Amino acid sequence: MGAGALSEAEDLDTAIVHASCVAVAGKGLLIVGRSGSGKSSLALQMMALGAELVADDRVELSTEGEQVMARAPKAIAGLIEARGLGLLRAQPAGPVPLALVLDLDETETARLPAPRRKKVLRQSVPLLHAVDTPHFAAALVQILKMGRVDPEWPGT
C-alpha cells in the first residue's frame, strides 16, 4: 500500500491504514508501501537512532482540529515485527501529530526534490519518496528533528 492507497482515507475523519509510524521530537512519520517494502525495517533503523514507535503494521489516524493524529490500535501497541526474529516489544509513543508521509513504493530521483504533499483525512501532509542511500534513516530522523530548508516543510 503506497500513498495511492491513502486516497481511500482522503475524505474520512478516521481511518486505520496498513503502515508503520514512528515519532521524533513529537512529530510523526507515516511509512506506507506495499507488503514487504521495508516499512518495519526502516522503523527499526530509525528507532535505533532515537525515534519512538507509534505503531507497526496498522496505524489509527484521526483528525483533531486541522491536525492528523496517529496512534497504535490497542491490540498491537508497543509491538513491531522484525522479519526472521518475530514480534519485538517497544515503548509505545503516541498519539502524535502526523508531520510527514513516506511512500516506499516511489523512489526519489531528484538530488534536491521539490516539496510534495498528500491529502490524508482532509488535511495536506508533506510527502517524501524512498531514497536508496545508507543515510536515509538518519536523514529522516534529522528532518523530523529540525526540518529542511524549505518553508513548506515542518520545523523550518
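What follows is a conversation about the pockets of this structure and one of its helices.

Student: Before we start, what kind of model is this?

Tutor: This is a predicted model, in which local features need pLDDT of at least 70 and side-chain atom pairs count only at pLDDT 80 or more, while totals for chains, interfaces and linings use all residues. Residues are numbered from 1 along each chain as its sequence is written, and side-chain values use heavy atoms, with hydrogens and water left out.

Student: OK, what volume does the largest pocket have?

Tutor: The largest pocket has a volume of about 390 Å³. A pocket here is an open set of points on a 1 Å grid over the protein atoms alone, where a 1.4 Å probe fits, with protein on both sides within 12 Å along at least five of seven lines, and the volume is the space filled by probe spheres set on the points, which are joined across faces, edges and corners.

Student: Which residues lie nearest its centre?

Tutor: Of the 20 residues that line the largest pocket, Arg111, Pro113, Val131, Ile143 and Arg148 lie nearest its centre; a lining residue has an atom within 4 Å of a point. The elements that give two or more residues to this lining are strand 11 (123–130) and helix 2 (136–146), where helices (H or I, at least four residues) and strands (E, at least two) are DSSP runs numbered from the N terminus.

Student: And the second largest pocket, which residues lie nearest the centre there?

Tutor: The second largest pocket holds about 310 Å³ of space and is lined by 15 residues, with Gly36, Lys39, Ser40, Glu81 and Arg83 nearest its centre. Helix 1 (39–48) and strand 7 (79–82) are the elements that each give two or more residues to this lining, and the largest share, four residues, comes from helix 1.

Student: Switching to helix 1, which of its residues are buried?

Tutor: The buried residues of helix 1 are Lys39, Ser40, Leu42, Ala43 and Met46, where buried means under 20% relative accessible area (1.4 Å probe, protein chains only).

Student: Why are they on the same side of the helix?

Tutor: They cover an arc of only 160° around the axis, which puts them on the same side of helix 1; the arc is that of the directions from the helix axis to the C-beta atoms.

Student: What do they pack against?

Tutor: Among the elements they pack against are strand 1 (14–18), strand 9 (96–107) and helix 2, with contact meaning heavy atoms within 4.5 Å.

Technical notes. Buried < 20%, exposed > 50% of the residue type's maximum accessible area, 1.4 Å probe, protein only.
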